[in-house]
Amino acid sequence: MIRVGLMGYGKAGQAVANVLKADPRFELCWVARRNSSAEGETLPESTIPVIGLNGVNLSDWLDAHPVDALVDFSKPDAVFLYGEEVRKRELMLVSAISSYSEDELDYVRSLGADTRVLCSPNITVGINFLILAAKLLRDIAPFADVEVLEQHFREKPEISGTARKIAQSLSLDDSQITSLRLGGIVGHHEVIFGFPYQTVRLIHDSIKREAFGTGAAFALSQLAACDKGMYTFDDLLMQKVRAQLMQA
Ligand SMILES: NC(=O)c1ccc[n+]([C@@H]2O[C@H](COP(=O)([O-])OP(=O)(O)OC[C@H]3O[C@@H](n4cnc5c(N)ncnc54)[C@H](OP(=O)(O)O)[C@@H]3O)[C@@H](O)[C@H]2O)c1
């Protein structure tokens, strides 16, 4: 069983905690936020402690509450608080932070020299699989027309970052993304391949933030079998695909 400490207990962190708590492959040992609201705070319906990083010495805390891995859903600068502990203790790190600066990213990369690190600005298994499958089909059928369709709730103003990432990965530009804003749609991404005599649609629909937890769990389980280094979600997916092909 992999012992996990979770950094960040906001909108995403709470959903990730739900998934890790329910997965028998992991023991969620503690959760850290910036400020713990109450003395002795725990996760709902459990004894898992929630600590405020501003109030603890992380090294002492890790001595008393050891883990094998950290999962980060907090803020970009948090990596400077825990990075050297990750390096010294060779903890696995799954960082889902989507807005690192170049300096922060360089530091995260440097941790990969001493331990196993996964860093992914998009951590859902579904979207990463969709991108992998779309790239494969693009390679098989470079003559097909390709467009990206994204649908989100009415108030979302900008083109979705995920749609842009999908488009980039297929060498499409933003003019090949169609955005629809409708009611309360959480997130729909579709890659449409128009062949002369057939149409292929790859579709991903977001349902709940717990999907981030499923992605973090996948990353932890795959990282556990890796050597030291810095990995992308694509690397871990490909590792799984290669293993399946070898079996076949
Ligand atoms: N890769 C992905 O697919 C993906 C998906 C979703 C979110 N994210 C990333 O996850 C992060 C959190 O998103 P969110 O929507 O959950 O944000 P949020 O609701 O604002 O929650 C942020 C959490 O981080 C904690 N925090 C802030 N600074 C910290 C620090 N220096 N040390 C430790 N904890 C700190 C906050 O503590 P308090 O509770 O004390 O304020 C809070 O619990 C963002 O960086 C976002 O980019 C990534």
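The legends below accompany an overall view and several close-up views of a predicted model.

**Figure 1. Overall view of the chain and its dimensions.** The chain, in this predicted model, has a secondary structure that comes to 8 helices and 11 strands. Of the 248 residues, 30% count as buried, and among contacts between residues at least 6 apart in sequence, 67% join residues at least 24 apart.

**Figure 2. Close-up of the largest nonpolar core.** This core holds 45 residues, of which Leu6, Val71, Val94, Ala216, Ala219 and Leu220 touch the most other members. Helix α7, which covers residues 210–223, gives the most to this core, with 8 residues. When residues up to four places away in sequence are not counted, leucine 220 touches Ile2, Val4, Phe26, Ala69, Met92 and Val94.

Figure 3. Leucine 91 is found in the loop between helix α3 (79–89) and strand β5 (92–95). With 23 other C-beta atoms within 10 Å, leucine 91 is buried, because the count that defines a buried residue is 20 or more. Leaving aside neighbours within four places in sequence, leucine 91 is in contact with Val67, Asp68, Ala69, Leu70, Val86 and Thr115. Threonine 232 gives a further point of reference, as leucine 91 and threonine 232 are 141 residues apart in sequence and 17 Å apart in space, taken from C-alpha to C-alpha.

**Figure 4. Close-up of the packing of helix α5 with helix α8.** Helix α5 (residues 125–140) and helix α8 (residues 233–247) pack at an angle of about 70°, and their axes are 10 Å apart. Angles from 65 to 115 degrees count as roughly perpendicular, and α5 and α8 are therefore roughly perpendicular to each other. On the α5 side the contact is made by Asn128, Phe129 and Leu132, while α8 provides Phe233, Asp234 and Leu237. By residue class, the contact of α5 with α8 divides into 4 nonpolar, 1 polar and 1 charged.

Notes: Residues are numbered from 1 along each chain as its sequence is written. This is a predicted model: local features need pLDDT of at least 70, side-chain atom pairs count only at pLDDT 80 or more; totals for chains, interfaces and linings use all residues. Axes are lines fitted to C-alpha atoms, for helices over the stretch in contact, and angles run from 0 to 180 degrees between N-to-C directions. Helices (H or I, at least four residues) and strands (E, at least two) are DSSP runs, numbered from the N terminus. Angles under 35 degrees count as roughly parallel, over 145 as roughly antiparallel, 65 to 115 as roughly perpendicular and the rest as oblique. Two residues are in contact if their C-beta atoms, placed from the backbone, lie within 7 Å. Ala, Val, Leu, Ile, Met, Phe, Trp, Tyr, Cys and Pro count as nonpolar, Asp, Glu, Lys and Arg as charged, and the others, Gly among them, as polar. A nonpolar core is a set of buried Ala, Val, Leu, Ile, Met, Phe, Trp, Tyr and Cys residues joined through C-beta atoms within 7 Å. A residue is buried if 20 or more other C-beta atoms lie within 10 Å of its own, exposed if 12 or fewer, and partly exposed in between; C-beta atoms are placed from the backbone.
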